[in-house]
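Please look over the sequence and the structure shown below before reading on.

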Amino acid sequence: MFGKVLIANRGEIALRVHRACQEMGIRTVAVHSTADAAAMHVRLADESVCIGPPPARDSYLNVPAILSAAAITGADAVHPGYGFLSENASFAEMVEAHGLAFIGPTPAHIRMMGDKIAAKDAMRRLGVPLVPGSLGALSSIEEARQVAAEVKYPVLIKAAAGGGGRGMKVARSEDELEEAWRVARTEAKAAFGNDEVYLEKYLDRPRHIELQVLADTHGNVVHFGERDCSLQRRHQKLVEEAGSPVLNAAERDALGAQVTRALRELGYRNAGTLEFLWQDGQFAFIEMNTRLQVEHPVTEMVCGIDLVKEQLRVAAGEALGYGQSEIRFHGHAIECRITAEDPDTFAPSPGRVHTYHAPGGLGVRVDSALYSGYAVPPHYDSLIAKLVVHGATRAEAIARLRRSLAEMVVDGISTTLPLHLAIMEDPEFQAGNYTIHWLERFVARRLEGG
């Protein structure tokens, strides 16, 4: 096992990795920008190294500074968390080239799955179902018209190197296709430096279902069930559930068997998440995230397995030590992503937290790096806390979450706590009756006062 792990991240995920390491007897190194000098992960780590000024490009994306910090502290492994460099294949290669273990997938798999077209090609070869669409990047608007005519409108133009909703445009008819094609390519070029796009059939009422997987270097692959991440605003997830209100055990097992078989053939290692659209009982692969997900705690709550510790063991060369039949799912878990934003306009709200009180009680977990007096910096993602609850049933989990949201206090800045409480009190959500388009309409109704 590793003696010292450098955590190449910040905020709640850096603290999450630190805690797992501490429980395993592994020393930690926190890297931080000058804006994060007083951050909780810096305070609790065994060692810390300042790697640059506040802008992420000069600190948390500064590869030479991170590798230098690993060298001077004698770290023997790097955990990238999520975001920043976690899905950067070149960074993973450089970590390994410097004799360090990268706690994640191979650089080749990161690169493959980072290209949406290559990822879809790989899944197609391995027999994983896909959304109908183009077989690769579109070479011209004429090809886009031909594919759209085959799969029928509406269609979605998507950036090959995309993510977070950038470079995605819907065309509901042939008259809208050329404009969607042009705008998607322009956005993709600006955001990712790559204007390649592909086309998919646009599903009008899908759920966003993802499957958590873990693979060791000995050929063992398991899954930890599904998460329903359909509650999204502008393609950003706000609430996640494990398991999904629309799936049963047979559907979960069938999807899990298909996915683990594919990843075993691919030779994948460490943690990953395959994301699907689900509609009318059918799954369609859309992408794979080759890292730990923000919403991994809901899976841990229903499985009772620490996914970060499993990542560390796999990266150290250990076998999983259990098979799929030994993984049990208990009850229901829901996670709310609490952000430093106005709950109505979503305008950023950095600033000093005067009072912070985390809810507690049976089945309640808060992953956060907040503390009273902490100044939320304006330079990074607005996520400040993940409130996760577990209950014997979905109804109990919702009741527990409503109580916990009402109990949580973050005073001094605006947060999305009121929005989450409103979602939990909505009858449609309570009935599990929602799709990926539901939250946009819900937010619009709140603004209109309806």
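## Terms and model

Contact here means that heavy atoms lie within 4.5 Å, and the angle between two elements runs from 0 to 180 degrees between their N-to-C directions. The model is a predicted one.

## The open sheet and the helix across it

Strands of a sheet pair through backbone hydrogen bonds, either parallel or antiparallel. In this model, eight strands form an open sheet with antiparallel pairing, in the order β13-β12-β9-β10-β11-β14-β19-β17. Because β13 (282-289) and β17 (364-368) stand at the edges and have a single partner strand each, one side of each is left without a neighbour in the sheet. From one strand to the next, the twist averages 25 degrees.

Helix α10, which comprises residues 296-303, lies across β9, β10, β11, β14, β17 and β19, and runs at about 20 degrees to β19. Strand β19 (residues 383-391) is itself paired with β14 (residues 332-339) in the antiparallel sense, over eight bridges, and Leu-387 of β19 is the bridge partner of Cys-336.

With β12 (residues 270-279), β9 pairs in the antiparallel sense over nine bridges, and Ile-209 has Phe-276 in β12 as its bridge partner. With β10, the antiparallel pairing of β9 extends over six bridges, and Val-213 stands opposite His-223. These two strands, β9 and β10, form a hairpin with five residues between them, and Gly-219 in the turn has a positive phi of about 90 degrees.

## Cysteines without disulfides

How many disulfides does the count come to? The count comes to zero. For Cys-303, the closest cysteine sulfur is in Cys-229 at 14 Å, which is too far for a bond. Cys-336 is likewise in no disulfide, the nearest cysteine sulfur, that of Cys-229, being 13 Å away. Cys-303 is buried, with a relative accessible area of 10%, and Cys-336 also counts as buried, at 0% relative accessibility.

## A buried threonine in a loop

Thr-415 is found in the loop between β20 (409-411) and α13 (417-424), and because its relative accessibility is 7%, Thr-415 counts as buried. The side chain of Thr-415 reaches the backbone nitrogen of Leu-417 at 3.3 Å. Leaving aside residues up to four places away in sequence, Thr-415 touches Ile-338, Thr-339, Glu-341, Pro-343, Ile-384 and Val-410.

Note on methods:
Residues numbered from 1 in each chain as written. Predicted model: local features only at pLDDT ≥ 70, side-chain atom pairs only at ≥ 80, totals over all residues. Heavy atoms only, no water. Pairing = 2+ DSSP bridges. Helix = DSSP H or I, 4+ residues; strand = E, 2+ residues; numbered from the N terminus. Disulfide = S-S within 2.5 Å. Buried < 20%, exposed > 50% of the residue type's maximum accessible area, 1.4 Å probe, protein only. Polar contact = N/O pair within 3.5 Å; in protein donor to acceptor, adjacent residues only side chain to side chain.
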